[in-house]
Amino acid sequence: MYKPGFHRMVLTALACALFALPAAAESQARIVRLSDVQGGVQIDKNTGLGFENAFLNLPITQGTQLRTRASGRAEIEFEDGSTLRVTPNTTVEFSTLGSSDGGKRFSTVNLVEGRAYVNWVGKSGDKLTLNFSREKVELTQLAHFRVATSSTAAELASFKNEVEVVGPSGTVKVEKKKMVTFDVNDNDQSTVAKNFEVDPYDEWDKQSVEYHDQYAKNNSTPYGYGYSDLSYYGGYSNVPGYGTLWQPFFTGVGWNPFMDGAWSWYPGMGYMWASAYPWGWMPYYYGNWAFVPGYGWGWQPGGWSGWRGGVHYVGAAEGFHGPVEPRGTISTVVVGKGGPVMANSPATGLVVTRASAGIGIPRGSLGNLHQLSTQVAKTGSVELHAAPQFSATATRAAGYNYSEEHAAMSSSAPARAGGPPAGHASSGGGNGHR
C-alpha cells in the first residue's frame with residue numbers, strides 16, 4: 001500500500017582513520033535497540049554507505065533511518081520499554097535521541113511514509129514526538145496507537161487512552177477506539193471516522209505488546225529494553241562467589257556469549273557489537289560476562305551508569321579468545337557461524353541443539369523454554385515444528401510442537417550441570433576486554 005523510494009563499500013585503512021571518532025563508552029549519546037527484524041529491513045546509519053541490510057540487536061542512533069521492504073517488519077525498543085513497530089513498505093527517521101541535564105530522555109521520530117504502531121509506556125518522564133504528514137503527536141503519558149501516512153492521506157487510530165494530534169487544521173483529540181483521517185490535499189483537514197477499522201497487522205502488534213507485558217514483569221533493572229527477552233530466553237541463579245548471574249537456555253559445553261554476532265560501525269562511536277542471540281542486548285551493554293568453572297558463562301547485572309558498546313568480560317574458559325574489533329574498514333564484519341540474524345521468523349522445521357542459546361526460536365513461540373532446554377541437555381537436540389507466524393494478508397500465532405526424534409548430538413553433561421563450588425572466589429577485574 002505504502003511504497004518507499006544496499007549497497008556497501010569497503011574503505012581503506014587511511015579513510016577509516018580519518019573517520020574514526022570517540023568510542024561509545026566515552027559518549028553521552030543515547031542509543032536504542034532494533035529489537036525485532038523480520039523479512040527485508042534496511043538501515044542507514046549515516047556512515048556514507050547509504051542503506052544496508054539491518055539485523056537484530058543493531059543499535060539505533062540519532063539520525064538513523066530505517067526502512068522495510070515489501071515483506072519486512074521491525075520493532076524498535078526504547079530505554080523504558082516503549083516500542084515502535086513498523087510494517088512493510090515503511091520508512092522512519094530517528095531525528096532526535098537526546099537527554100536533558102536532569103536525565104529525562106526525549107525522542108523525535110519522523111514517519112516518512114508507511115504505517116507504524118506506537119506503544120508508549122510513559123515511564124520516567126520520557127517524551128516522544130512523532131511527526132507524520134504535517135501532523136505531530138507529543139507523548140509523555142501512556143498511549144498505544146496506529147499511525148499511517150502517504151502522499152494523499154494520513155490516519156491515526158487509538159487503541160488505548162486519548163491521543164492529541166496537532167496539525168495545520170488545528171488540534172484533534174482521538175479517543176480510545178476512535179480513528180481520525182487527514183486529507184493531505186485539503187490542508188490536512190481531519191475527519192473522525194464512525195467506525196474503528198481493523199488493520200491486518202493489528203494482531204502482530206497486539207501479540208508483541210502482550211509478549212513484552214508478560215515477560216517484563218518484576219523488572220528490577222533501571223532499563224526496560226531487552227529485559228523481556230532475558231526473562232523468556234534464560235534465567236537467574238545465585239552463584240556463590242559471583243552473586244546473581246543470568247544464563248541463557250541451551251548453553252552447552254563450549255558455548256560462549258561471543259560465538260555469533262557482528263561488528264557494526266557508527267559515526268562518532270566506532271564499532272559496536274551486535275549479538276546474534278534474540279536476547280542479546282542488555283548483557284552486552286551493561287554489567288559483565290563472567291566464566292564460572294562448572295557453570296559456564298553467566299551475565300552479572302550492573303554497571304547501569306555507563307554504556308559499554310563492546311566485548312567485555314571477566315575471567316575466561318581455557319582457550320577462549322574474544323572477538324577482536326576490526327581495523328581498516330567500516331563495513332559490517334560478521335563473527336561466528338550464525339552471524340547476524342536478518343530475520344526472526346520461524347522455520348517450518350527447526351532443530352534446537354546445545355550451544356544454540358535460543359537462536360532461531362521466535363520470542364514467545366513456546367511457553368516454557370526451560371523445559372525444552374532440559375530436554376535438549378538430555379538428548380542433544382530437539383526438533384520444533386512451526387506454523388507460519390504471520391503472512392502479509394492474515395495474522396496467525398505461531399504454534400510449536402517438539403518431539404524427541406532428533407538426538408543428533410552425542411550425550412554429554414547437561415548445560416546447567418551444577419553450580420560452582422561453594423565459596424568459589426570471584427575473578428575480580430580479570431581479563432576486562434573491550
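The chain exposes about 18000 Å², and carbon and sulfur atoms supply 50% of that area. This is a predicted model. Of its 434 residues, 54% count as buried. The chain contains five helices and 28 strands.

**Nonpolar cores**

The largest nonpolar core has 89 residues. Those touching the most other members are Leu66, Phe94, Phe145, Leu156, Trp279, Trp289 and Ile361. Strand 9 (residues 105–120) gives the most to this core, with five residues. Apart from it lies another core, of seven residues, including Tyr242, Leu245, Val292 and Tyr295.

Phe94 can be followed individually. Leaving aside neighbours within four places in sequence, Phe94 is in contact with residues that include Ile60, Leu66, Ile76, Phe78, Leu84, Thr108 and Val109.

**Helix 2**

Helix 2 (residues 202–215) has 14 residues and reaches 20 Å from its first C-alpha to its last, close to the 20 Å expected at 1.5 Å a residue. Its buried residues are Asp202, Trp204, Asp205, Ser208, Val209, Tyr211, His212 and Tyr215. An α-helix has 3.6 residues a turn, so residues three or four places apart point the same way.

An open sheet has the strand order 21-20-25, with antiparallel pairing. Strand 21 and strand 25 stand at the edges with a single partner strand each, so one side of each is left without a neighbour in the sheet. The twist averages 30 degrees from one strand to the next. Strands 20 and 21 pair over six bridges, and the bridge partner of Ser264 in strand 21 is Met272.

| Strand | Residues |
|---|---|
| Strand 20 | residues 261–266 |
| Strand 21 | residues 270–275 |
| Strand 25 | residues 333–335 |

Terms used:
Residues are numbered from 1 along each chain as its sequence is written. This is a predicted model: local features need pLDDT of at least 70, side-chain atom pairs count only at pLDDT 80 or more; totals for chains, interfaces and linings use all residues. Side-chain values use heavy atoms; hydrogens and water are left out. A nonpolar core is a set of buried Ala, Val, Leu, Ile, Met, Phe, Trp, Tyr and Cys residues joined through side-chain atoms within 4.5 Å. Buried means under 20% relative accessible area, exposed over 50%, partly exposed in between (1.4 Å probe, protein chains only). Helices (H or I, at least four residues) and strands (E, at least two) are DSSP runs, numbered from the N terminus. Contact means heavy atoms within 4.5 Å. The expected span of a helix is 1.5 Å times one less than its number of residues. Accessible areas come from the Shrake-Rupley method with a 1.4 Å probe; for residues, only the protein chains shown count as cover. Two strands pair if DSSP finds at least two bridges between them. Axes are lines fitted to C-alpha atoms, for helices over the stretch in contact, and angles run from 0 to 180 degrees between N-to-C directions.
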